[in-house]
Amino acid sequence: MSIRVVIAEDSYLVRESLTQLLASAPDIEVVAVAEDTQSLRDAIDREEPDVVLTDIRMPPALEREGIRVATHLRETRPEIGVVVLSLYAEPGFALELFDGGSAGRAYLLKERVGNRGELTAAIRAVAEGGSVVDPKIVDTLIAERSRVADSRLADLTAREREVLAEVATGKSNAAVASSLFLTKRAVEKHINAIFMKLGLRDSDDVSRRVKATLIFLAEEGRAAPPPVV
């Protein structure tokens, strides 16, 4: 039996491309196409498909409607698989899609649309209750995990990170204390602990405060603060 698929995509050209691409797969049948969230929901109710192939962002809001539909189906029609297509190699979107379970869910970048083999394999996988994650998303997740593991800030407590974030804006100990509702003495203890954990020893040429700020900005990916005048 064919896998019955509903396509949801607001771009006419992409809808047509997907429809033509899947038409050449002998075991897949496109039973409906939708251009917005409401028409997708109507098509699901009407056609009772095996798989929904949807853009992550759909009218009217153009936010994360594809993921929201997938979440709703997990609660109401768990037998329907969902393949979400996205322009964004954003691990957070994939993790949101798989929240509550990965069975019957796939997250692919739209650049895979031109590869019929990858797209049809994802559709078949979710129809059978499997899951697929775009390789680029996996690479990003691995890189982020490695970055966190290797971070020089990993040993800092949450409070120490807060103090360092304030220091990185150029604030004095007194200003940090006022901002975080701490005593000046408590701030000094936190800063000394930060220096120790970051392996910063006092030197005459470069302030430990400056070094700690540079480490924080580099690892947090923030722009340097404006000079204090």
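**Charged pairs and cores**

Analyst: R68 is partly exposed, at a relative accessible area of 37%; buried means under 20%, exposed over 50% and partly exposed in between (1.4 Å probe, protein chains only). This is a predicted model, in which local features need pLDDT of at least 70, side-chain atom pairs count only at pLDDT 80 or more, and totals for chains, interfaces and linings use all residues. Residues are numbered from 1 along each chain as its sequence is written, and side-chain values use heavy atoms, with hydrogens and water left out.

User: Which residue forms a salt bridge with R68?

Analyst: Side chains of opposite charge can pair when their charged atoms come close. The criterion is a side-chain nitrogen of Lys or Arg within 4 Å of a carboxyl oxygen of Asp or Glu. Here the partner of R68 is E63, with the closest N and O atoms 3.1 Å apart. E63 is partly exposed at 40% relative accessibility.

User: How many salt bridges does this rule give?

Analyst: The count is 14. In one of them, E47 meets R4 at 3.3 Å between the closest N and O atoms. E47 is in helix 2 and R4 in strand 1, 43 residues apart; helices (H or I, at least four residues) and strands (E, at least two) are DSSP runs numbered from the N terminus.

User: Which residues touch the most other members of the largest nonpolar core?

Analyst: Such a core is a set of buried Ala, Val, Leu, Ile, Met, Phe, Trp, Tyr and Cys residues joined through side-chain atoms within 4.5 Å. The largest has 25 residues, and L40, I44, V52, L73, L97 and Y107 touch the most other members. Helix 3 gives the largest share, four residues.
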